[in-house]
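Here are my notes on the model you sent over. Have the structure open while you go through them, and look up each element as it comes along.

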Amino acid sequence: MNEEFNLEKQEKEMPEQGKIVLEDGLGYALSVERKDLLKAASGLKEAGFDLFQFVAGVDYPDSIKLTYRVFSSKRKNQIAVFLKTEVPKDDPTVDSLVSIWPAADWHERETFDLLGVDFVGHPNMSRIFMPGDWVGYPLRKDYADDRIIVMDDGKKEKPAAKVEKAEAVETAPEKVPEAHQEQVQEAEDAKTDS
Amino acid sequence: MSKLEEIKTSEVSLDGLGVDISSNGDAGESRTDIRSEELAINFGPQHPSAHGVFRAIFHVDGEVVTKIEPKIGYLHRCFEKIAENRTYTQFIPYTDRMDYVSSMLNNWAYVLTVEKLAGIEVPERAEYIRVIVGELQRIASHLVFLTTAGVETGAVTPYMYYFDEREQILNLFEGVCGARLTYNYMRIGGVSADLPDGWLEDTKVFLKRLAKTMDETDKLLLGNYIFKKRMIGMVPFTAEDALKWGLTGPSLRAAGVPYDIRKADPYSVYPRIDFDVCTRFNCDNYDRASIRSDEIRQSMRIIEQAIEQIPDGPVKAEGIPKVFKPAAGEAYGHVEASRGDLGFYIVSDGTTKPYRVKIQGPSFGNLQALPAMAEGSYFGDVILAFGTLDTVFGEVDR
């Protein structure tokens, strides 16, 4: 096992798992169908990829793409592979990899919590960050919440409604609320006394 | 390093103290003459030993912890969602608030990934500045770790020494960017400003001072009899288990796995710098603590070489607008942060804002290993094991 990772050799060793390709910006990546995920994952585990690092879900209009990163500590050239799959939006389920890498536990729960992907076979598929009774999945693109602040990128003109509001604040007369007027008076008296 | 080994293996004379240390580490053995039943104890979320807002339910049988159920999310701000509503540059200050004990390295991991995504070249001087401040940050973070590890075993004196040194680092950081905790110093394509006059000389003076203090404090804390008795052999973890449960960083290296991104997936100018990847053997509490002391020394070596090699020149790539549109695509970048493998996975759809930012925080992965690591140990040792994982909750919850 303690030898350099070699693409051609790897393909001979695990022909069923699909083709590992070199992707720009990522490195080695292996894209598989959803039904083949478990098989590809166990193939990678056997090939020496023993450290599960994360799973990232990306929400697209029709599907959620999942990207896993697994690392091999046994290979001399210390290599990692991105394992990719895709689940449809109307049935966002995929096999859990906890049975292969126990470290996938919290990462899959996180993806369930924020993106609503159900990992079948996970021992405890529950929300991890958000409260248990939370409605919706925050990292979905259609998730609506008034508290989300979208920052201006400086390229668009400011919306007219906001400008009006700002003017309204400026023209409002400064007024000390009645309840506070006594305190203000007292403070001023104290100043003059000293 | 040899000095540390010496301290660890040296015998401590107990003559005349009337202490029997032969019966130690028999956690898990049941005593039949005491009636006991399992208790569930709530720990946190506000607890001095929790290093942040961590809640766990400990199931204890007498003094032995039989089950740990961590509950996280008390500091969840969903930075990943916030990132989707910010431009690439606007998100940099948010990364400071993840692992707030080593903000510089968070900045670095993020800008490194965006640079990879947009294909931006960083000037050489900026790379060296990043290495110097990044390693200073690692030292500062490890000093905080050693401080808390000491305080948790009752050693309050080293606190003063370690925090004094950390204060010097914060002063240096204040010099480069004006802030002492959340720096926002890195920029896409470089750093925000060049180093002030005389800063490198000040850093050299500091390194000399730190070397002296580290030698002293190694004796004071890591060579301390009580500290050694509390830590050596307690809550060990094998390399196989560490990998299985996804440990990274110093905690994984303490189990003997030489996984350091500065060597495994070199970035910046690390290939030009000579340093060793520190490893230990047992991943017990003592190894997880003392490896930080080793790493501080390696970081000092790195900074010394970087100061020798640093060239003159610009500190920021030219022609990068504040708002820019990287081509559609995806990129993954990671750095060796103080706590392990800190990675960013960014997907761009060709607009001014990222389509998706996934943050891989090392504390999240490390904390997950706590139940597997500590179940079956004494309660007091579990608290130390939790401390030696060096978890920062800003990063766990993000």
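1. Let's begin with a term. Buried area is the accessible area, taken with a 1.4 Å probe, that two parts lose on being put together, summed over both. Keep in mind, too, that this is a predicted model. For chain B and chain A, the buried area comes to about 4000 Å². Carbon and sulfur atoms give 60% of that area.

2. How many residues does each chain bring to the contact? Chain A puts in 47 residues, and chain B puts in 45 residues.

3. Now for charges. Side chains of opposite charge can pair when their charged atoms come close. Across the interface of chain B and chain A there are five salt bridges, while the structure has 37 salt bridges over all chains. One to look up links A:Lys84 with B:Glu330: their closest N and O atoms are 2.3 Å apart. This pair crosses between chains, since A:Lys84 sits in strand E5 of chain A and B:Glu330 in strand E6 of chain B.

4. Polar contacts come next. Between chain B and chain A, the count is 14 residue pairs in polar contact, with both residues at pLDDT 80 or more. Which elements of chain B give two or more residues to the side that touches chain A? Among them are strand E6 (329-337), strand E7 (340-348) and strand E8 (356-360), and helices also take part, including helix H2 (79-84) and helix H13 (362-368) of chain B. Sorted by class, this side of chain B has 20 nonpolar, twelve polar and 13 charged residues.

5. Over to the sheet in chain A. It is an open sheet of five strands in the order E1-E2-E5-E4-E3, and its pairing is mixed. Strand E1 (20-23) and strand E3 (51-59) of chain A are the edge strands, each pairing on one side only. From one strand to the next, the twist averages 30°.

6. E1(A) and strand E2 (residues 27-31) of chain A run antiparallel and are joined by four bridges. Two partners you can find for yourself: A:Glu23 is bridged to A:Gly27, and A:Val21 to A:Ala29. The two strands form a hairpin with three residues between them, and in the turn A:Gly25 has a positive phi of about 80°.

7. What lies across the strands of chain A? Helix H2 (residues 37-46) of chain A lies across E2, strand E4 (63-71) and strand E5 (80-88) of chain A, and runs at about 170° to E5(A). Helix H3 (residues 104-115) of chain A lies across E3 and E4 of chain A, running at about 10° to E3(A).

8. Chain B has an open sheet of three strands, with the order E1-E2-E3 and antiparallel pairing.

9. A last pairing to check: five bridges join E1(B) to strand E2 (residues 55-61) of chain B, and the two run antiparallel. Here B:Ile41 has B:Phe58 in E2(B) as its bridge partner.

Terms used
Residues are numbered from 1 along each chain as its sequence is written. Chains are lettered from A and ligands numbered from 1 in the order in which they are written. This is a predicted model: local features need pLDDT of at least 70, side-chain atom pairs count only at pLDDT 80 or more; totals for chains, interfaces and linings use all residues. Side-chain values use heavy atoms; hydrogens and water are left out. Two strands pair if DSSP finds at least two bridges between them. Axes are lines fitted to C-alpha atoms, for helices over the stretch in contact, and angles run from 0 to 180 degrees between N-to-C directions. Contact means heavy atoms within 4.5 Å. A salt bridge is a side-chain nitrogen of Lys or Arg within 4 Å of a carboxyl oxygen of Asp or Glu. A polar contact is a pair of N or O atoms within 3.5 Å; within protein, one must be able to donate a hydrogen and the other to accept it, and residues adjacent in sequence count only if both atoms are side-chain atoms. Ala, Val, Leu, Ile, Met, Phe, Trp, Tyr, Cys and Pro count as nonpolar, Asp, Glu, Lys and Arg as charged, and the others, Gly among them, as polar.
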